[in-house]
Amino acid sequence: MTRAVILAAGDGGRLGEHTAQTPKPLVSLEGRRIIDFTLDALAAGGVKDALLVVGYRADQIVEALAEAPTSVKLTFVENDRFHGGASLSLRAARAAVGNEPFLLLMADHLLSLPIISRLLSAPRSERMSLIATDASPWPETYIGEATRVALAPGTSTVAAIGKGLEPWDGLDTGAFLLAPSVWEAVDAVNEDCELSLIFSVLAARGELEAVDVSGAAWYDVDTAEDLAAARRMVAGGAR
């Protein structure tokens, strides 16, 4: 399994002036672009091919990454409805992915090699999709914004996923390994929706399993405060 899909279409409006002229994946973080962390993790994990779904300032992303010094082959598909829900970006990747499993990653999440490696090495059945979850201690302010995952008692099977979920067992890191059956869930929901609705369908069908990546480095960058915290983490400081 060598294909990754990276959703990179959003306008990053919550970052204010940081994304007024620069798409979020290209925002600098301690001398590296946000997306570089994920591309480096993919390369180190042996993933050879990544499809980026672009939208906001698409040409800028394509130009910046087309010559990127990485062993991962990059291709691009455009979602011109990028102001809508992230489901539209996932749908835009469907034809290119075909009927094969694939990693699904978010371009505004800093991800590290252990997350990619644990997803790729986790056992799963043909119809089972995987979500990387983190049960590490996080600041309450971060938890309040994060998508949460609840597990069926005594198992790693996801029972529910969403923001504000109570009780919960881990945070959604924004990294998935999706079986082809995910497209059945995509077809079962509104065309324009958030990804958590699609994953809720998988959970209801018993087809979403959590992979614990607690302790692995990651960060979801949505706001200027997140950007500052991510910089501290990369520099070796507190989140």
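Apart from neighbours within four places in sequence, L65 is in contact (heavy atoms within 4.5 Å) with L26, R33, I35, L39, L52, L74 and F76. The model is predicted: local features need pLDDT of at least 70 and side-chain atom pairs count only at pLDDT 80 or more, while totals for chains, interfaces and linings use all residues. Residues are numbered from 1 along each chain as its sequence is written, and side-chain values use heavy atoms, with hydrogens and water left out.

A nonpolar core is a set of buried Ala, Val, Leu, Ile, Met, Phe, Trp, Tyr and Cys residues joined through side-chain atoms within 4.5 Å; buried means under 20% relative accessible area, exposed over 50%, and partly exposed in between (1.4 Å probe, protein chains only). The largest such core has 52 residues, of which I6, L42, L52, L65, I115 and Y219 touch the most other members. Helix α1 (residues 34–44) gives the most to this core, with six residues. A second, separate core of 30 residues includes V53, F102, I131 and L202.

Helices (H or I, at least four residues) and strands (E, at least two) are DSSP runs, numbered from the N terminus. In strand β4 (residues 49–54), six of six residues are buried. D49, L51 and V53 point one way from β4, and A50, L52 and V54 point the other way.

Strands count as paired if DSSP finds at least two bridges between them. Strand β1 (residues 3–8) runs parallel to β4 and is joined to it by six bridges, with L7 opposite V53. β4 also pairs with β5 in the parallel sense over six bridges, and there A50 stands opposite L74.

β4, helix α2 (residues 58–66) and β5 form a right-handed β-α-β unit: with the strands pointing away from the viewer, the path from the first strand over the helix to the second runs clockwise.

## N79

N79 lies in the loop between β5 (73–78) and α3 (87–92). N79 is buried, at a relative accessible area of 5%. Beyond four places in sequence, its contacts are A9, V53, V54, G55, L88, S89 and A92.

## Helix α9

Helix α9 (residues 224–234) has D226, L227, A229, A230 and M233 as its buried residues. Viewed down the axis of α9, these fall within an arc of 165 degrees, so they line one face of the helix; the arc is that of the directions from the helix axis to the C-beta atoms. Their cover includes β2 (28–29), α1, β7 (109–111), α6 (140–145) and β13 (218–220). Just after α9, G236 takes a positive phi of about 100 degrees.
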